[in-house]
Every structure is written in structure tokens, then in C-alpha cells.
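Thanks for coming, everyone. I have one protein to walk you through today. Please look at the screen.

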Amino acid sequence: MISPYFVNNNRLQEAEMTRDTALLSEGIFSALSQEELAELSQCMTVETHKAEDSLRFQRGFNVLLSGEVSVLRENAEIGQLQPGDGFGDWGLWGWMQSRVSLRADTDIRVGIFDETRLAQAIAKHPTAILRVLRNFSRLMDAHLEDLSTALLEAFHASAGGASRSVHVVVDGVEKNVHMGTPLSALLPNSINGTPVVSALFNHKHISLNRPLYTSGVAEPLTRDGLEGRMIYRASLSLLALEAAHRIDPKIKLRIGPSLGFAYLFEIDDIAGHDVATLATKLNDEMRKMVAEDVVFRRDYCSLDEAKIRLIEQGWENAVKLLRKSRNASIALVSCGELQAIEIVPLVASAGILDHFCVAANGDEMLLYFDSTNIEEAQKRNLHPSILAKQHDTWLNGIGLTSVGAFNDFCISGEVSRIIRVSEGFHEKRISQLADMIVNAPKRVKVVCIAGPSSSGKTTFLKRLSIQLQVVGLTPKCISLDDYYVDRELTVRDENGEYDFEAFEALNVELLHDQLHALISGEEINISRYDFSTGKSHPNGGQRMRLGDSDILLLEGIHGLNPRMPFDQSDGVFRIFINPLTSLQLDNASRVSASDIRLIRRIVRDRHTRSITAADNIMRWPSVRRGELKHIFPYQTHADAVFNTSLVYELSVLKVYAERYLLEVDEDHPAQTVAFRLRKLLDRFVTIYPENVPQTSLLREFIGGSCFEY
């Protein structure tokens with residue numbers, strides 16, 4: 001049935017007109033205002049069809065306003081149209097209209113612009129139509145990968161053998177669905193009240209708005225998990241940059257280092273705003289975009305086209321990254337005008353991004369991940385912020401502003417200089433820490449060193465020992481691991497497993513007695529823990545006594561915990577170590593410091609402990625939970641922080657990690673992370689390990705260190 005719009009007072013037609021104006025706001029017309037949509041709707045004819053009706057391709061330009069339409073070739077379904085899709089002569093499938101047919105799967109409404117009406121619309125609203133055409137071009141790019149997959153399946157299958165459906169397993173239940181069904185239609189919106197942000201499909205990350213053309217297993221991801229949390233934060237980052245662009249295109253922001261609870265913004269051009277005012281405006285604009293439920297889009301385009309788009313928006317570092325790409329095409333993501341390289345799939349729309357806050361802290365602006373804890377987060381000292389700025393200052397000084405710039409340095413033969421400067425930065429900082437200890441107002445008797453897994457604590461301890469000897473002190477080392485209680489006495493976590501990372505896993509009374517005996521000048525046998533038997537030997541360790549020039553180095557994850565048995569007079573100096581900074585991939589994303597530590601751990605454990613990459617990946621969420629519970633909350637108690645990042649390390653770790661990650665079976669649950677880490681490593685130029693000094697902290701993970709471990 002055809003129902004053209006005419007200007008009259010018929011209330012029914014006005015109601016229909018209002019409804020179709022709202023429907024028009026999806027897809028290619030999403031860039032238009034309500035006023036523009038209302039006027040545009042007067043330039044179209046509307047057809048309504050019942051489910052199972054066959055459709056004909058109209059001349060001109062057609063838009064699906066509501067419902068679902070299947071695209072068929074010889075009765076085999078090869079695609080699907082969703083509300084907002086433009087199709088027909090000048091749209092999707094127009095070039096195939098002699099070989100495909102359309103069928104309404106539900107009751108539908110189709111908006112039709114013929115040549116005369118479209119010419120009138122262009123003459124009357126040229127700017128609006130230009131935005132529509134630009135949006136349509138982007139959506140067309142996003143469809144290309146899915147359309148080509150469907151076409152290949154259709155052309156390589158017989159007419160009788162081509163399937164119209166795919167089999168998807170969700171929560172153990174197999175479902176048969178139409179090809180092209182978006183993943184969001186199969187998964188819950190939330191789990192136990194927590195929004196689903198993305199999904200795994202056959203152990204690969206996939207956005208909820210991606211249509212399905214193959215069979216497989218789908219699993220929802222919430223922001224409570226490590227992978228879901230990463231997707232949530234990546235989506236927040238792009239939303240923040242787009243919001244700043246909306247406020248004023250002259251504002252130039254980049255996502256800076258992570259502080260664990262927030263990202264620091266790097267501000268290249270504040271466009272006349274003060275930081276506090278800009279933070280408020282940015283927070284308000286992001287909230288507005290969340291209320292609008294702005295859609296996140298994925299455009300697949302050629303590498304050359306991607307470079308042009310990124311150059312136009314001034315993202316030179318992203319362009320440099322693409323120069324190394326082995327692919328002829330690339331996926332770009334957006335939630336407005338700005339486009340970023342797809343590092344991980346983003347959320348389908350902004351409506352679920354509701355726990356953030358942008359706030360100023362002095363001259364800094366931060367994107368807090370959880371607004372419910374912002375007051376507590378703002379009380380923390382910003383040691384990591386200070387160290388991150390120092391690290392980035394020297395990187396910027398030599399032009400290492402991004403992964404792309406780093407790759408350019410490597411290709412031009414600057415590898416040796418990068419390594420020397422990186423190692424020199426570490427050595428200078430360790431020397432400064434030794435000076436801080438020896439020049440402390442109060443005599444330091446104990447140095448506590450704490451950091452998360454694979455932060456490089458062991459090598460740092462040995463290098464700090466050397467620098468302390470340079471300033472006249474004799475270090476003696478104790479590991480908190482030697483003060484574990486017997487294994488059967490270890491507390492258990494919520495899953496009934498031994499919780500070796502809990503503070504209660506330590507024999508605190510024994511630790512108190514031996515520490516104070518040493519600090520008092522007594523000679524004792526320190527404790528030793530036998531990991532093979534799980535037994536504690538309270539006096540089974542080496543004989544030790546602290547002389548006048550001796551200093552005790554105490555290493556372990558609980559070194560910063562205020563429950564450690566020290567008195568005010570004990571002269572304790574606490575150091576937190578962790579890789580705090582990483583290079584940018586583009587303005588919206590950086591390499592995750594957590595990923596760096598995981599790759600370090602995978603390489604080290606595969607070398608020295610025969611632990612596979614899959615085992616380490618599966619263990620990692622538990623390790624991270626322990627760190628978040630027992631280490632990171634106490635970093636504010638540190639007297640100093642050491643950043644163990646090495647700008648070149650992923651290029652070296654890549655030599656080993658790529659093979660170890662390939663050992664993960666395709667159907668193993670660890671494949672999700674293994675595949676993502678392989679994609680990350682692929683963005684780096686390889687550096688061979690013979691270039692790494694024997695004293696480097698990196699040698700703790702790749703072997704060949706001059707230190708004994």
C-alpha cells in the first residue's frame with residue numbers, strides 16, 4: 001500500500017508523519033536534526049508491506065523505515081536489511097538487483113525518494129543531504145565485509161544447498177537464526193544487573209551490532225570481566241574525544257596514561273578553555289551523548305582511504321601506525337565525526353556507558369572509569385601521574401610519541417639509540433632512589449618493594465642493591481614469600497581455592513619477631529618456605545644480621561600494606577614498582593600496561609617453568625583480582641614509585657611471544673586473549689634480543705641476564 005504525504009490537516013497522516021520522522025532518525029539519516037528530518041519526510045513516499053511480501057526495487061533511493069527485510073538469491077538468504085539502511089537503485093544491492101530479490105520478514109515501512117523529490121530535497125536542504133550522503137558512504141563501507149562474505153557463500157553454494165540460517169549456541173542452547181541477524185538479538189542486555197558490552201563469537205571479540213553469517217558459539221561480555229572492562233574503557237575514550245570535538249573542533253585531546261582508576265588526558269590545544277571549565281563541559285557533553293544513545297559504528301575501508309580520513313582529522317600518529325600494516329583494508333570505529341583505528345570492538349551504543357566522570361585535578365584532567373568512587377580516587381596521591389609525565393617528556397624529546405613513530409625509528413636504524421636511552425632512563429631513576437634513601441631525613445633501615453606480577457621486582461631489587469652499595473650501604477634481601485604459612489593453613493578465596501595473595505597467607509607473627517630482631521641488631525636464621533612441599537621452616541633460611549651500614553630490602557606483594565608489622569621508629573622506605581606508561585596506538589588508545597605484564601609473564605614462564613601461554617592466560621584474571629585487592633589500593637603509601645616500562649620491550653618479547661601464543665588451540669577459552677595479543681604484537685617492528693643489555697630488566701623475562709635469579 002502506498003501512502004504519499006501531502007500538506008493537509010488530516011490528523012492520521014500527521015501522526016504517521018511524526019512516526020516516520022522518528023523512524024528516519026536511524027541509519028543514514030542519524031546525522032540530521034529533528035527539524036531537518038521532519039522536512040525531509042515531506043519529500044518522500046511511504047510504502048507499507050506485510051510479512052512475506054516480495055518487494056520490488058524502486059527507482060531512485062529507498063530507505064527501510066521499520067521492520068526487517070531479507071535479501072535472497074535463488075531462494076537462499078544472503079543478507080538482511082535493518083531500519084535505516086538505504087537500498088535500491090542508488091543504495092545497497094542496487095548493482096545486484098537483477099540477480100537478487102527482497103522479502104519482508106516482518107511488517108515493514110519503506111521510504112521512497114524518486115529523482116524529482118530527491119532533487120527538490122537537495123535544492124532545499126543541500127547541507128543536510130551532504131551529511132546524509134557522507135553517512136551513507138560510511139555505512140556502505142561497514143556493510144562491505146559482511147556483504148562480500150554472504151555473496152561468497154551464495155555463489156559457491158548450489159541453489160538447493162545454500163542455507164538461509166546459521167546455528168548459534170548461546171548458554172548451551174542451540175538457536176537457528178536468519179543469516180545477518182545481529183548478535184544483540186541473541187544475547188541478554190544485562191547479566192545480574194550489569195550491562196553486556198560486547199561478546200565473544202567462537203572465542204573472538206565481536207561487537208553486538210555485527211550481523212552473523214556463520215555458525216558458532218556466542219558468549220556475552222560484561223564490564224565486570226577483564227576483557228569487557230577493556231572494551232568499556234575503549235568506548236569511553238572515543239566518546240570523550242568525540243564529545244570534545246562537538247564542544248569545539250579546535251580542542252585537541254589524546255588519551256594519556258592509565259592510573260588504574262582513570263585515564264589522564266593529554267591536552268595539545270585547550271582552545272582558550274581553562275582545565276576546570278573544559279572538564280565540566282566535557283562531562284556534560286558525554287552525558288548528553290549517553291542520553292542520546294549515540295551509535296558506535298564500524299567502517300571497513302581501504303588502507304589508503306583510512307590514512308586520508310585520519311590525516312584530515314589531524315591524527316598523524318595513527319597514520320604512522322598504518323604504514324606497517326600488512327592488510328589492504330582496515331576497520332575504523334566512530335560515534336560521530338572522529339574516526340579511530342579499531343583496537344577492540346566497541347559497545348553498540350553509548351547508552352550503557354553510565355559510570356564515568358570527567359573532572360579536573362589541579363592542572364590535569366582525568367576520565368574516571370567509575371563515578372561512584374571518584375571522591376576516594378581523588379584522595380590518592382598521583383605518583384604514577386608524575387612518573388608518567390617524566391617518562392613521556394623524554395620520549396617526546398626524542399620523537400617517540402606513538403607506536404607508529406617507534407616503528408619508524410626502528411626501520412631507520414635507530415634501535416640501538418632507543419635501547420640505550422631507555423636503559424639510561426632506568427639507571428638514572430634507580431640511582432635517584434638510592435640517593436633518596438641515603439639522604440632521607442630519618443635513617444632508613446628497611447626498604448619495602450612491592451609491585452604486581454611481572455613488574456620486574458627481582459631485577460629492580462638487584463639493580464637497586466648495586467646503587468645502594470655505590471652510596472655506601474650494604475643491602476641484605478628478604479622475600480615475603482618465605483613467610484607463607486603451611487599450605488594447609490592458607491586461607492581460601494570465595495571459590496574455595498588457596499588464596500596465596502591474601503595478607504592472611506603470611507605468618508605475620510613470625511615476620512614481626514624476625515624483622516624486629518634484625519632491626520635491633522640481633523643475628524638470626526630467617527625463615528624459608530619450601531614451595532615443593534608447601535611447608536614453612538621458620539629458622540631454615542640463611543643466617544643474617546644487620547650491621548651499621550647494612551640496609552634490609554624486603555620484597556613482596558604486601559610490602560606497602562599498612563598491616564605490615566613495623567613501628568614508627570623502624571625507618572621504613574616504601575617503593576611501588578610497575579610499568580606505568582606505554583605508547584599510543586592512536587589518539588584514542590594506548591598499549592595496556594596490563595597486557596605488557598601478561599606478555600612478559602607468558603614469555604618468562606614458558607622459558608623457565610614450562611607453563612603454557614594458555615595456562616597463564618586462564619590464570620591471569622585471578623592474578624589481576626589479587627592485585628586489585630592486595631596491591632594497587634596501597635600504592636598511595638609508597639614513598640617513591642619506579643616505572644619499569646621499556647619503550648622497546650614488546651618488539652623484543654614479540655620474538656618469543658608470537659610462537660607461544662600460536663600454541664593456544666583455536667577452540668581453547670584462552671584463544672580470545674591470545675588472538676588479541678597477537679594482533680597487538682603485530683603492530684610492532686621486531687627487535688632481536690641480542691641488542692638487549694645483560695643488566696636490563698627485560699632480561700628477567702627473556703633470559704640471558706648477568707644477574708642470578
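**Strand β30 and its sheet**

Start with strand β30. Val 572, Arg 574, Phe 576 and Asn 578 point one way from β30. Phe 573, Ile 575 and Ile 577 point the other way. All of them are buried, meaning under 20% relative accessible area; exposed is over 50%, and partly exposed is in between, with a 1.4 Å probe and protein chains only. So 7 of the 7 residues of β30 are buried, and the strand is largely enclosed by the rest of the structure.

A word on the source. This is a predicted model, where local features need pLDDT of at least 70, side-chain atom pairs count only at pLDDT 80 or more, and totals for chains, interfaces and linings use all residues. Residues are numbered from 1 along each chain as its sequence is written, and side-chain values use heavy atoms, with hydrogens and water left out.

Where does β30 sit? It belongs to an open sheet of 5 strands, in the order β24-β29-β23-β30-β33, with parallel pairing. Two strands pair if DSSP finds at least two bridges between them. β24 (474–479) and β33 (640–643) stand at the edges. Each has a single partner strand, so one side of each is left without a neighbour in the sheet. The twist averages 25° from one strand to the next. For angles, axes are lines fitted to C-alpha atoms, for helices over the stretch in contact, and values run from 0 to 180 degrees between N-to-C directions.

Now the partners of β30. On one side, 5 bridges join β23 (residues 446–450) to β30 (residues 572–578), running parallel. There, Ala 450 stands opposite Phe 576. Helix α12 (residues 415–438) packs on this sheet. It touches β23, β29 (550–555), β30 and β33, and its direction makes about 165° with that of β33. Contact here means heavy atoms within 4.5 Å. β30 also pairs with β33, in the parallel sense, over 4 bridges. Ile 575 is opposite Ala 640 in that pair.

**The whole protein**

How many helices and strands are there in the protein? The count is 19 helices and 33 strands. Helices (H or I, at least four residues) and strands (E, at least two) are DSSP runs, numbered from the N terminus. Of the 709 residues, 55% are buried. Take contacts with a separation of 6 or more: 72% of them join residues 24 or more positions apart.

**A helix and a threonine**

Helix α5 covers residues 226–247. At 1.5 Å a residue, its 22 residues should span 32 Å, and its end C-alpha atoms are 32 Å apart, which agrees. The expected span is 1.5 Å times one less than the number of residues. In α5, 16 of the 22 residues are buried, so this helix is largely enclosed by the rest of the structure.

Next, Thr 672, in helix α18 (residues 671–681). Is Thr 672 buried or exposed? Buried, with a relative accessible area of 5%. Leaving aside neighbours within four places in sequence, Thr 672 is in contact with Leu 200, His 203, Lys 204 and His 205.

**Cysteines**

Last, the sulfurs. A search of the whole structure finds 0 disulfides, a disulfide being a pair of cysteine sulfur atoms within 2.5 Å. Cys 357 is buried, at 15% relative accessible area. Cys 477 is partly exposed, at 30%.
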